[in-house]
Amino acid sequence: MVLLRMLKIKAEFMRRCPMSRSVWKSTLSVILSVVMVATLTPGLAYAQQDNSADQESAYEPTVQADADEAVAQADANQSAAQAVASNSWYSQAETGWLTSPGTYQVSTASQLASIAVKLSEGESLSGYTFILINDINLDQFNASGEPLVWETTTRCSFAGVIDGQGFGIYGMNAIAGRACLFGKAENAAFYNLEISGTLASDVAAAFAGSAINSTFQDCINAATITGKSATGLVGGLVGYAQRCSFFGCQNAGRITGPARAAGGIVGEAVGCEFEACFNEQSIQGSLRSGGIIGTMALSAGVSGRTTLWQCANQAAVAAEEFAGGLIGVALAQTTLGQSYNYGSVEGGSYTYNGAAYAGGIAGYVAKSESTIMVEDCFNAGSAWAVASGSASHAFAGGIFGGSGSRFTIERTYNTGNAHATQAQRCADGAFVGYVSRSFQSSERDCYWLEGVANRANGTSVITVPTAQVIAPSELRTIVARLGYAFAYSAYQNGAPELCWTTNTAELRYLPANGTAVLARVAIQAGATVSGADIAKLYSGEDPVRYEDGRALRFLGWSTSATGQAGASIGSASGVIYVYPVFEQPAPVVKPTGEWVASDGRWWFRHNNGSYTRSAWEYINGAWYHFDGDGWMQTGWLKLGSTWYYLKPSGAMAEGWQLVSGVWYYLTPSDGAMRTGWLHLGNTWYYLRSSGAMATGWQKVGTEWYYLNTNGAMAEGWKRVNGTWYYLQPTDGAMKTGWLLLGGTWYYLRSSGAMVTGWQKIGGIWYYFNGSGELREELIEG
């Protein structure tokens, strides 16, 4: 048999069920049954700023009421018999095969056609499961020698289950109505199936023209898909998807317009979940194009929240207005994690006052009061925005071409060029090219490669903190700052790899005593790591070792407990321990003499009668400081800009020291009082400008942190005075807004407090249970 082609994404993907949603009361259901989808068109974003007026337009989608006459007629004609053309697969359907709900094995094209016929007769096939036991070939002819054409219906939505078992449906020829396997799908499931052929229509997609509450797992489109209308929708798997889940899906077929939106997986999406989805073919010719999603939309009664996790695009994406490596036009209620783009992205507009947006991750983020989140992602494809009209605008960014919403980008990097050109007004940046509203966003632990753009962001963009520029020589070692989602690359001068895309080894840095691990860094299996890079991959504080009471100078790291600093790793595999190397201790010349007390004070008299003044002296395993008259000093001592603490015995304090009920940290190597962030072992502490260890809530820069009573920075969920807060595990910063954990959504107020019960957020009512988990949602119409 012909096996389903292997996905290029190298990981075992978690299978999560989509978030459950309750059925509302009948009166409310009547209101919400009329679906009104409004997509945001930010084409005049720049003009908004100039004219101080909101010029964003909205329009009805054409998926639910297709403009094509034949499809519209099929939707309306619920009772009339459908005419069957002699070259339609309908005429070849096997009769009397489907008698009642149950499981059916599909082995012929005629049996597949009988499923389509049942839908055209108004049967949803709920309760039916269809299992392919071999490949199905639709590239056949009727008795008159005419090529057989696959036709669909929009009279009834498919509600069954199809399991391809790794087989495929090949040679599908669909060029009218909705060019897809099924016109509509609702509460359906598709597994392990590949479809190929030629599909061309206003609404064209391999699996379904539109899908609601449906699941697609390990499904592949290998068909060539062509749109035929500037108001239509085309997608690799689905034209329009609402509350659907896509796991391990792939597009391997070329997609072209004209179309309103085109995406490698979905043309237009409302509140969907995408995990381990991949595009490997070019997408072009539509107004909005994305490697995974062409555009996102808002629909009455449906949350716009969408997640993309471990998704990727490796092909060119082009659009007449909005082009994005993963998403053409995104909503702010979106979280993207551990995803990347390698393909070139181009947005081009050639009208008098048109606008072109191009972004490595998303072309544009639609205007909203919510915040879009990007975590652990990267872009390596070029983003070009070109607009030639005399009053046109062009915006390009390595992450977003433009945004009408706040954004939070964390642990993300860009190595792709970002340029906007030819338009009357241009703006570009290595991360974000343009924002249409004045607000503050953030780019935390983010980096961009020197030379790919002139600046981190366009001049209208305000971010705190802002992505940092790095030289090519630093590219390999930023993995230590990006975090454990990334791995050191095996390729020379290569950028960090996402761990889920490759096999990895692990560096573990040990302290002087060889017990607790100081840091862990992922390494791509087989990588050669130089001694210099081993040193750069460690971003913590230098380990400390003492000999005869003196701190030894740290020389570097070794892959052997008895080796020399600077040793390299030939071919990384498994767990590799890295050991600190210190200088050899020099012989200690111990002073000879005796302590002398006078009037309650002490001084040290050497055997020759001399004594130390205004200096340090090492005596019997401890450091002491003497004033200008030679008296031993105690308590706090400031030398230059550095503070020290001398115990009542006069000995210099090192490490943690409790003084008048307050904890301080004195650097073990030299006794200097520490301030700011302190990393010891696996724990972070914060020391105020006075040196005092902070506890409780602490604002550092623009972020809030919570320090436990022992001073340790809190991470994850933390209950404070009866209220739950979430501190990000990566850096401890207090989280606000939407939070997605393990497939469950939570919402945290601007104070960080987790909400429960009914909450109105951005015009939408949500219900959160006592644990803060989202359970219900309702958009007011």
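## Cysteines

A search of the whole structure, which is a predicted model, finds zero disulfides. A disulfide is a covalent bond between the sulfur atoms of two cysteines. For Cys249, the nearest cysteine sulfur belongs to Cys277 and is 4.8 Å away. A disulfide requires the two sulfur atoms to be within 2.5 Å, so Cys249 is in no disulfide.

Cys426, with a relative accessibility of 35%, counts as partly exposed.

## The nonpolar cores

The largest nonpolar core contains 142 residues, of which Phe130, Phe216, Phe246 and Phe274 touch the most other members. Helix H4, residues 109-120, provides the largest share of this core, namely seven residues. Apart from this core lies another, of 13 residues, including Val345, Ala356, Ala358 and Ala387.

The surroundings of Phe130 can be given in detail. When its neighbours within four places in sequence are left aside, Phe130 is in contact with residues that include Trp97, Leu98, Tyr104, Val106 and Ile115. Leu125, Phe158, Val161, Ile162 and Asp163 are also among the contacts of Phe130.

## Ala495 in its loop

Ala495 is located in the loop that runs between strand E49 (486-488) and strand E50 (497-498). Its relative accessible area is 18%, and because buried means under 20%, Ala495 is classed as buried.

Beyond its neighbours within four places in sequence, Ala495 is in contact with Tyr413, Thr415, Leu475 and Ser489. Ala495 and Ile478 are 17 residues apart along the chain, and their C-alpha atoms are separated by 8.4 Å.

Notes: Residues numbered from 1 in each chain as written. Predicted model: local features only at pLDDT ≥ 70, side-chain atom pairs only at ≥ 80, totals over all residues. Heavy atoms only, no water. Buried < 20%, exposed > 50% of the residue type's maximum accessible area, 1.4 Å probe, protein only. Helix = DSSP H or I, 4+ residues; strand = E, 2+ residues; numbered from the N terminus. Contact = heavy atoms within 4.5 Å. Core = buried A, V, L, I, M, F, W, Y, C linked by side-chain atoms within 4.5 Å.
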